[in-house]
Each structure stands twice: as structure tokens, then as C-alpha cells.
Amino acid sequence: MSKTTLLLLLLIVGCISCKNSQKEIDKLEIAKLYYKALDNSNQSGIEALLTDSLLTKETEYDYEQTFSLKEYVEWLKWDSVFDPTYEILHMEQEDKIVKAKVSKIDNRILFLHKGPIVTNQVIRFDNDKITSVETTKYVTFNDSIFVKNRDEFLRWIDENHPELNGFIHDQTKAGGIKYVKAIELYKNKE
């Protein structure tokens, strides 16, 4: 094999390697942009990153839901009402998926959980769009505190402000606004 052929072969292999590592960087960047869009409640940013639908799963609770893009944007509007902060604690690409450890705190979580919820998540892609986000583990989540606080809160709202009933399952912006109002009424009950 001539030196020229060998040099050409090495250049081709190098270019292919660069292209493959660029794709890996792209998936990490897409995942980072996804959490940044959530953190900023950026609807157009989310729309640019997702396929026409998004599958969300919670492995520990055997729960999954598929959102259309429009439904997920509506959920984002609900989420935005609580002034969320998403923080990436760790992120890495493994083959064609991205694994992330993420902390989330907002006014609702602070009220019910008294601190941030930290989860491990797996993000799956179709080319350069996100198709699913799976919560594989709740690293920091005190289920008993959350449920106890939520149940006491809902009982008090049922007894004192039944006009707000249903907000707990209404993941629209209007439902989020009712939720915030209910929290304020509960906090100021004395």
C-alpha cells in the first residue's frame, strides 16, 4: 500500500470518526436544550425539540402517558405557573440514548415535598428529535411526605373551597392557576 493511499485512508477514517462524535454531541446538546426549555417554560423551544408526540414513563410507578405535541405544550403552560427550576446534575450519552440526573423544584413541589425532587431520566430520540423521556428512578423523593401533605391540602380545599375542586388533575394553565390559588388559600388559612 502506498503512503498516499494510507494517508487518504487515515483521513477518511478520521472524518467518519469526527462525524460520529458530532452526532453524539448533538444528542447531548438536544437534551440540554430540552431541560433549558423546560426551565424557561419555552414553548417554541420545546416544539423544536420533540417529535409529533412524546411518550413519558415513570418506571417506579408503572405509569406512562403519550402526549401529542399540542398536549405537551399545554402541560408546559401548566408547569410554568409554578415557576419551575430544572437543574441538570449529570448527563451522558450511552449509545443512542441520553441519561440524565435532574433536579426539579417549583412552588408546588416546595409546598408538597418541602424540597427538590431528583430523578434519573432516559431520553430517546428519532434522529434529532426527542421521542420519549423515561423517569427510571426517583433519587430524592419522599413519597410519604408528599402524599400526606397533598391529602391534607385537598381535604382542606374540599371542605373550605369546593369551587376549586378538580384542579389537582387539570394540567392546563387554568388548572395551574387554580392550583396556585388553592395553595395561597391553604397557606393563609390561619
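Helix axes are lines fitted to C-alpha atoms over the stretch in contact, and the angles between them run from 0 to 180 degrees between N-to-C directions. The legends below describe close-up views of a predicted model.

**Figure 1. Overview of the predicted protein chain.** The chain contains 6 helices and 6 strands. Read from the N terminus, these elements follow the order α-α-β-β-α-β-β-α-β-β-α-α. Of the 190 residues in the chain, 35% are buried. Contacts between residues at least 6 apart in sequence include 53% that join residues at least 24 apart.

**Figure 2. Crossing of helices H5 and H6.** Two packed helices are described by the angle between their axes and the distance between the axes. The axes of H5 and H6 come within 10 Å and cross at roughly 90°. Because angles of 65 to 115 degrees count as roughly perpendicular, H5 is classed as roughly perpendicular to H6. On the H5 side, the contact is formed by Glu152, Phe153, Trp156 and Ile157. Their partners in H6 are Tyr179, Ala182, Ile183, Leu185 and Tyr186. By residue class, the contact comprises 8 nonpolar, no polar and 1 charged.

**Figure 3. The buried face of helix H5.** Helix H5 has 18 residues and spans 25 Å from its first C-alpha to its last, close to the 26 Å expected at 1.5 Å a residue. Phe146, Asn149, Phe153, Trp156 and Ile157 are the buried residues of this helix. Viewed down the axis of H5, they fall within an arc of 110° and therefore line one face of the helix. An α-helix has 3.6 residues a turn, so residues three or four places apart point the same way. The buried residues of H5 pack against H4 and H6, whereas Ser144 and Glu159, on the other side of H5, are exposed.

**Figure 4. The buried face of helix H6.** Helix H6 (residues 173-187) comprises 15 residues. From first C-alpha to last, H6 reaches 21 Å, close to the 21 Å expected at 1.5 Å a residue. Its buried residues are Gly175, Gly176, Tyr179, Ala182, Ile183 and Tyr186.

Figure 5. His90 belongs to strand E3 and is partly exposed, with a relative accessible area of 44%. Leaving aside residues up to four places away in sequence, His90 touches Lys99, Ala100 and Lys101. The C-alpha atoms of His90 and Val102 are separated by 7.2 Å, the two residues being 12 residues apart along the chain.

Figure 6. Most residues other than glycine have a negative phi. Ser41, which is not a glycine, has a positive phi of about 50°. This residue is placed in the loop between helix H1 (3-39) and helix H2 (43-49). With a relative accessible area of 21%, Ser41 is partly exposed. Asp95, also a residue other than glycine, has a positive phi near 55°. Asp95 is found in the loop between strand E3 (85-94) and strand E4 (97-105). At 68% relative accessibility, Asp95 counts as exposed, because the cut-off for that class is over 50%.

Key:
Residues are numbered from 1 along each chain as its sequence is written. This is a predicted model: local features need pLDDT of at least 70, side-chain atom pairs count only at pLDDT 80 or more; totals for chains, interfaces and linings use all residues. Side-chain values use heavy atoms; hydrogens and water are left out. Helices (H or I, at least four residues) and strands (E, at least two) are DSSP runs, numbered from the N terminus. Buried means under 20% relative accessible area, exposed over 50%, partly exposed in between (1.4 Å probe, protein chains only). The expected span of a helix is 1.5 Å times one less than its number of residues. Angles under 35 degrees count as roughly parallel, over 145 as roughly antiparallel, 65 to 115 as roughly perpendicular and the rest as oblique. Contact means heavy atoms within 4.5 Å. Ala, Val, Leu, Ile, Met, Phe, Trp, Tyr, Cys and Pro count as nonpolar, Asp, Glu, Lys and Arg as charged, and the others, Gly among them, as polar. The arc is that of the directions from the helix axis to the C-beta atoms.
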